[in-house]
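The sequence and structure come first, followed by the description.

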Amino acid sequence: MTAFGDIEQAVELLKRGASDYVTKPFELKGLLQRITSLVPVREMRQSKGLLGVSEAMLEIERTLKRISTSRMPVLLVGETGVGKEVCARFLYGLASNDQSPFMAVNCAAIPESTIELELFGSEIPELHHGYAERAQNGTLYLDGIADLSIDLQPKLLRLLEEETFYRLGGDTPVHFD
């Protein structure tokens, strides 16, 4: 928008990617109509990603789309606050149906004395379904697995490799999908 319209300037700006060139004075109604007509064109041209617009985030989004058809576990690594759970939820949205649960578990927030019970459940003194069982046919997102004790890691490995786990006090394997 300019108060001093110049044809050469308008041509140069349009060559550099401007969508329109408006000179003053203008009618507000006409300006709003022009802006409205340009917004969809601009959005299509930018091809924004859902996770972000930087090349790094576009690459992450492309990778997540590629692996969304796989049933393999996915490890998301990064510092606190970089968006691992956002990526997990994005992947869940690509790969799931509306009926499947998304269970996000902050492992660091659960006391070490109860983490196994919370993850795998218990059969004694009464049946308690853990996060793994409640996430059946959906996504189990474990945040902070690096903070888990070394004693729990073989049980997580069985969950991932054999797709089974045992509730505390139980002797029957529970299938994990």
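## Cysteines and nonpolar cores

Cys 107 has a relative accessible area of 4%, so Cys 107 is buried, the limit being under 20%. The model that gives this value is predicted. Cys 87, at 8% relative accessibility, also counts as buried.

The structure contains zero disulfides. For Cys 107, the nearest cysteine sulfur belongs to Cys 87 and lies 18 Å away. A disulfide would need the two sulfur atoms within 2.5 Å, so Cys 87, with its nearest cysteine sulfur 18 Å away on Cys 107, is in no disulfide. The table sets out the accessibility of both residues.

| Residue | Relative accessible area | Class |
|---|---|---|
| Cys 87 | 8% | buried |
| Cys 107 | 4% | buried |

The largest nonpolar core holds 19 residues. Which of them touch the most other members? They are Val 105, Leu 119, Leu 140 and Leu 159. Helix H5 supplies the largest share, three residues.

Leaving out residues up to four places away in sequence, Val 105 touches Ile 110, Leu 119, Tyr 131, Leu 140, Tyr 141, Leu 142 and Asp 143.

Another core, of five residues, lies apart from the largest one. Its members include Leu 51, Leu 64, Cys 87 and Phe 90.

Key. Residues numbered from 1 in each chain as written. Predicted model: local features only at pLDDT ≥ 70, side-chain atom pairs only at ≥ 80, totals over all residues. Heavy atoms only, no water. Buried < 20%, exposed > 50% of the residue type's maximum accessible area, 1.4 Å probe, protein only. Core = buried A, V, L, I, M, F, W, Y, C linked by side-chain atoms within 4.5 Å. Helix = DSSP H or I, 4+ residues; strand = E, 2+ residues; numbered from the N terminus. Contact = heavy atoms within 4.5 Å.
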